[in-house]
2 protein chains.
Amino acid sequence: MLAIYHFGPVANSMTPLLGLLEKGLRFEDRYLNSRLWEHHDPAFQKISPEGMVPVLVHDDRVITESTVINEYLDETFPEPPLKPADPYGRARMRIWTKYVDEYFCPALTVLGAQNAKGFASQMTAEEKAAVLARMPNAEVRRKWETVTDQGYSEAELAAARAKLANVARKMEQRLGEGTWMAGDTYSLADIKNYSMAPGLERMLPELVSEQAAPRVFDWLRRMDERPAVKAAKALARPRPQAA
Amino acid sequence: MLAIYHFGPVANSMTPLLGLLEKGLRFEDRYLNSRLWEHHDPAFQKISPEGMVPVLVHDDRVITESTVINEYLDETFPEPPLKPADPYGRARMRIWTKYVDEYFCPALTVLGAQNAKGFASQMTAEEKAAVLARMPNAEVRRKWETVTDQGYSEAELAAARAKLANVARKMEQRLGEGTWMAGDTYSLADIKNYSMAPGLERMLPELVSEQAAPRVFDWLRRMDERPAVKAAKALARPRPQAA
């Protein structure tokens, strides 16, 4: 039995959906509505004590961390392989997924926090207090509180934009070295990168346009056409609303 | 030919030294004196353009990122294996190395920055300007400038200490589930964790004492006794001094 708890085909939740779909695996689709705080529900906390999403359940095993989930899927279900065949190619793949996790995703999250602020501004003080009281992880709680109260400063937003310009530049350079992110083999590096790159294109289109980064633009369109990507997007739910 | 560029047997530089030594591999020991800024030397930048350390050179291949270097070493030189034999054990190993890279190491770095501040305070304004001018990565430059000028605020230091208390608690919990960090097999998770844990014990001994975290304390002593750990420590140079 394979089951995936996820927020829909975006960001870190996109990663294991694509892993499962590229492998052609059957799985239970356990969508969580983040706007209804379903990931802070006590029932879900039995599976993911700190409310982390996505989570893979494989028989009686629970695996967190989207990047690790995909490595686990690739090792457990080898066909088709989603890693380059040689150790050096795999190292290049891993360096890129690490870069997305440690640099690309955190910078994108800073810009994305504007949405959280807009969403939170529609809540009453009582609703907000109730949400905060249920958050299982103290650091996440403090961060959400800060982001939705004050938001990020102009300096923080500018630093995030500068980082994302570096990301776009590095992606363009990488794709000059091979067809895919880790060389000539489609791999988990493409999946991880595609989990974030459409968000970058949407929020800062000047960085990934056909003119500014033609190889990235072409790679995005090749990704868009993959059957697994289309199948993942078909798992999207109507835009979730607070109750 | 294997060569490792490193800052000595501490923090991220400890990781690949232990990987190489646990495998019993012969390698060229290319120590860089960080206090003499040898990693910002133009000759080294041909290998590592942004001055990142450690770096592994294997024949004509250059591999960065200590966590990835060790995965590469384990795949290229399989004996003795440094990963659990089953995919779930490997996922647990990878979740821990990711946690060290994304959470443990950054928090420890905040406390360690006090050293950088003390060191920088002994430099003249001219020396400091010359060092900054040579730094190849603009973000590293800005960060070093901020840290050595103002240092971290009390709130930032307190947040880092709170994170490190979480780390010590999680380590103690993990070591209640098996002899080693990823279960009953010594693995790259122990190596990565040991690259940081002695720093934690030194800076916040109240968190990892025999009383506060007996399993972590015992694990540290078992690690200290490993021949590879002793061999890595023997590669330490006398405390580097600025010219």
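This is a predicted model: local features need pLDDT of at least 70, side-chain atom pairs count only at pLDDT 80 or more; totals for chains, interfaces and linings use all residues.

Colleague: At what angle do H3 and H8 of chain A pack?

Modeller: Helix H3 (residues 66–76) and helix H8 (residues 188–203) of chain A pack at about 150°, and their axes are 11 Å apart. Here axes are lines fitted to C-alpha atoms, for helices over the stretch in contact, and angles run from 0 to 180 degrees between N-to-C directions. Helices are DSSP runs of H or I with at least four residues, strands are runs of E with at least two, and both are numbered from the N terminus. H3(A) is therefore roughly antiparallel to H8(A), a term for angles over 145 degrees.

Colleague: Which residues meet there?

Modeller: From H3(A), A:Ser66, A:Thr67, A:Asn70, A:Glu71 and A:Asp74 meet A:Leu188, A:Ile191 and A:Lys192 of H8(A); contact means heavy atoms within 4.5 Å.

Colleague: Now for the other pair: how do H4(A) and H3(B) cross?

Modeller: The axes of H4(A) and helix H3 (residues 66–76) of chain B come within 10 Å and cross at roughly 160°. H4(A) is thus roughly antiparallel to H3(B). Among the residues that make the contact are A:Tyr88 and A:Lys98 of H4(A), and B:Glu71 and B:Tyr72 of H3(B).

Colleague: Is A:Arg92 buried or exposed?

Modeller: A:Arg92, which lies in helix H4 (residues 87–120) of chain A, has a relative accessible area of 17% and so is buried (under 20% relative accessible area, with a 1.4 Å probe and protein chains only).

Colleague: Which side chain does A:Arg92 join in a polar contact?

Modeller: The side chain of A:Arg92 is joined to that of A:Glu177 by a polar contact of 2.8 Å. Such a contact is a pair of N or O atoms within 3.5 Å; within protein, one must be able to donate a hydrogen and the other to accept it, and residues adjacent in sequence count only if both atoms are side-chain atoms.

Colleague: And where is A:Glu65?

Modeller: A:Glu65 is in the loop between strand S4 (61–64) and H3 of chain A. Its side chain makes a polar contact of 2.7 Å with the side chain of B:Lys98.

Methods. Residues are numbered from 1 along each chain as its sequence is written. Chains are lettered from A and ligands numbered from 1 in the order in which they are written. Side-chain values use heavy atoms; hydrogens and water are left out. Angles under 35 degrees count as roughly parallel, over 145 as roughly antiparallel, 65 to 115 as roughly perpendicular and the rest as oblique. Buried means under 20% relative accessible area, exposed over 50%, partly exposed in between (1.4 Å probe, protein chains only).
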